[in-house]
Amino acid sequence: MTQQSRFAVILVLPLAIFVAAFFLLPMAQLAMRSLFSGDGTLTYAAILATPRYLATLGATLGVAALTTILTLVLATVVALFLARTRFPGRGFVIALLTFPLAFPGVVVGFLVILLAGRQGLVGTVSQAVTGEKIVFAYSAAGLLVGYLYFSIPRVLLTVMAAAEKLDPALEEAARSLGAGPWRVLAHIVLPALGPALTASGALCFATAMGAFGTAFTLATNIDVLPMLIYTEFTLNANVAVASALSILLGAITWLALTIARSASGSGVAAAG
Amino acid sequence: MTGIAITVEACGKTFADGTRALSPISFEIGAGESIAILGPSGCGKTTALRIIAGLEGPDPGGRVLFDGADVTPLPIERRNVGMVFQSYALFPNMSVIENVAYGLRVRGVPRQPRLGQAQEVLAMMRLAEFGGRRIDQLSGGQRQRVALARALAVKPRVLLLDEPLTALDAALREDLRAEIDGLLRTLRISSVYVTHDQAEAMVLGDRIIVMERGAIAQIGTPRDIYFRPASRFVASFVGTMNRLEGAIRGGVFETRAGRLPVDRADAAEAVAFFRPEAARLTPADGAPLRFRVARCHFLGAAQRVYLDAGEGAPALIADTDNRRTWQPGQETGLAVSASDLLFL
């Protein structure tokens with residue numbers, strides 16, 4: 001071993017120890033638990049055969065997918081507008097739009113309850129106007145609003161950065177060739193934003209899949225995967241199922257993040 | 001591909017923040033004519049081009065006519081103009097041939113015929129074998145030729161070029177300049193070429209519009225602009241110009257360095273301009289103007305002699321043959337024909 005490579009090993013050692021102690025060992029144990037406690041590999045089969053688990057998995061995937069699509073559409077529209085329009089107060093609007101980044105999931109859930117809970121703003125107004133109280137904070141819709149709340153700022157910032165880097169001459173060239181605004185968007189702008197959209201979309205999906213704080217606050221009428229893991233583990237002491245579900249959730253999220261990484265060419269991580 | 005006549009009528013441009021990029025300007029471009037708009041950065045030349053293109057609207061009162069028809073309210077996508085940008089602006093998500101065929105795709109030409117037509121234009125630009133390449137696999141010069149091919153593929157009514165060669169290195173710039181010149185002559189398409197490079201303007205413009213601070217300083221053929229500049233700005237911006245101060249009394253231009261006969265009315269203060277190639281160095285004895293040589297640059301084919309014009313005044317420049325040698329401090333005579341002297 002040359003002196004240089006020995007030095008490199010010394011530098012990497014702390015990280016290696018940390019990864020082994022706090023990451024690989026618990027992961028291995030999680031995998032072992034899911035395979036060898038309870039029914040062993042049958043646990044996975046049981047999950048896929050149990051309607052309740054399947055429904056939860058479906059609901060989680062559905063909410064995450066819908067969150068991703070809506071976030072991408074909303075954030076792209078706003079990002080394109082903000083990237084190419086200069087107006088007084090633009091900085092303030094951006095600060096306002098990225099404000100939710102400051103809040104943890106629990107607070108986001110609380111905000112959704114204040115908006116659409118039993119004593120919420122939407123309920124009060126709808127009762128005054130139509131006589132019927134609209135409450136959706138505790139359903140999939142409430143969860144969706146909560147997830148949108150913390151997904152939009154992240155995607156917005158990424159897409160805005162990408163949109164600002166676009167050469168305005170690209171759009172002008174397309175227009176000079178006869179392309180109207182929608183064609184320019186479809187043929188030029190969206191393909192150019194493709195990597196940013198894929199990366200931030202996958203990140204958004206992964207975050208929505210694993211969000212716990214918001215789900216914990218809101219999910220009374222709907223079950224999502226992180227909540228299911230929590231209840232199986234703490235209330236039912238069903239370690240095997242909790243472990244298997246964790247591995248499943250991890251695998252799906254990891255896949256989404258891998259897509260994100262390969263699209264953006266740099267490291268990204270889920271949050272929430 | 002035949003060109004159209006373009007009329008720009010009182011087109012000014014004031015931006016939202018109140019800055020005036022362009023005072024109302026008017027000019028005409030003949031069918032098939034190539035016009036070069038020349039000026040320093042910030043003179044409004046790009047704004048003028050963008051108004052013709054339809055990327056910017058003129059201030060109220062301005063009009064743009066294509067063959068007599070008012071196109072002012074039409075956006076660029078409905079004007080059928082070809083545009084070439086300094087940054088090439090090639091679509092990175094499309095191959096070379098897809099870029100060239102894009103305008104035809106937008107016009108609804110089916111895939112096979114449009115790829116065929118695009119291939120023909122690529123062949124014209126000597127890029128026949130590059131159709132399948134990605135944009136990032138091309139050199140700068142190739143990219144700009146693809147951009148030209150893309151603009152020409154839709155058979156535009158006018159070709160608009162915004163500093164297309166500025167991003168290229170000097171040798172390539174000259175090659176592509178000659179190529180664009182050949183293209184414009186062959187196609188006889190009307191064109192507007194914006195540049196800050198006077199050599200490009202001279203080579204490519206049938207006529208040159210020189211702009212200064214948002215206004216037209218002069219419109220004319222390259223020879224007009226060079227030999228008969230309308231203002232001191234044009235004189236000093238296009239080519240090298242010598243400046244000699246003095247007074248005119250009784251048909252004689254009197255300067256610190258001597259006296260020259262001129263055919264002009266008396267003036268207490270007069271400034272004469274002349275080109276370095278109009279200056280002839282003569283023996284000092286009996287010469288009308290006498291100077292000392294400040295320095296001499298041997299350039300190979302010619303040499304450029306700098307003459308000390310006295311304190312505070314810029315050195316006068318004389319381009320002479322490459323044989324004689326000149327020593328700093330040496331005294332020399334200078335002769336300029338009266339017809340080569342411009343009083344501006």
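Student: What makes the pair Glu56(B) and Arg50(B) a salt bridge?

Tutor: A salt bridge is a side-chain nitrogen of Lys or Arg within 4 Å of a carboxyl oxygen of Asp or Glu. The closest N and O atoms of Glu56(B) and Arg50(B) are 3.2 Å apart, so the pair meets that definition. Please keep in mind that this is a predicted model, in which local features need pLDDT of at least 70 and side-chain atom pairs count only at pLDDT 80 or more, while totals for chains, interfaces and linings use all residues. Residues are numbered from 1 along each chain as its sequence is written, chains are lettered from A and ligands numbered from 1 in the order in which they are written, and side-chain values use heavy atoms, with hydrogens and water left out.

Student: Why is Glu56(B) called buried?

Tutor: Buried means under 20% relative accessible area, exposed means over 50%, and partly exposed is in between (1.4 Å probe, protein chains only). Glu56(B) has a relative accessible area of 18%, and therefore counts as buried; Arg50(B), also with a value of 18%, is buried as well.

Student: Why is Glu254(B) called partly exposed?

Tutor: Its relative accessibility is 22%, so Glu254(B) falls in the partly exposed class, and Arg249(B), with a relative accessible area of 49%, is partly exposed too. The side chains of Glu254(B) and Arg249(B) meet in a salt bridge, at 2.3 Å from N to O, and Glu254(B) forms another with Arg259(B), where the closest N and O atoms are 3.1 Å apart.

Student: Which residues are joined into one network by salt bridges that share partners?

Tutor: That network consists of Glu172(A), Lys13(B), Arg50(B) and Glu56(B).

Student: How do you know how much area chain B and chain A bury between them?

Tutor: Buried area is the accessible area (1.4 Å probe) that two parts lose on being put together, summed over both. For chain B and chain A this comes to about 1700 Å², with 59% of it on carbon and sulfur atoms. Glu77(B), Tyr102(B) and Val106(B) supply 32% of the area that chain B buries against chain A, more than any other three residues.

Student: How many residues does each chain give to the contact?

Tutor: Taking contact to mean heavy atoms within 4.5 Å, there are 23 residues from chain B and 17 residues from chain A. Across this interface the rule finds two salt bridges, and Glu77(B) forms a salt bridge with Arg175(A), with the closest N and O atoms 2.9 Å apart.

Student: How do you know that the length of helix H5 of chain B agrees with what it should span?

Tutor: Helices (H or I, at least four residues) and strands (E, at least two) are DSSP runs, numbered from the N terminus. The expected span of a helix is 1.5 Å times one less than its number of residues. Helix H5 (residues 170-187) of chain B has 18 residues and should span 26 Å, and because its end C-alpha atoms are 26 Å apart, the two values agree. Among the buried residues of H5(B) are Leu176(B), Ile180(B) and Leu183(B). Arg188(B), which follows H5(B), has a positive phi, near 50°.

Student: What makes Ala49(A) exposed?

Tutor: Ala49(A), which lies in helix H2 (residues 42-49) of chain A, has a relative accessible area of 59%, and so it is exposed.
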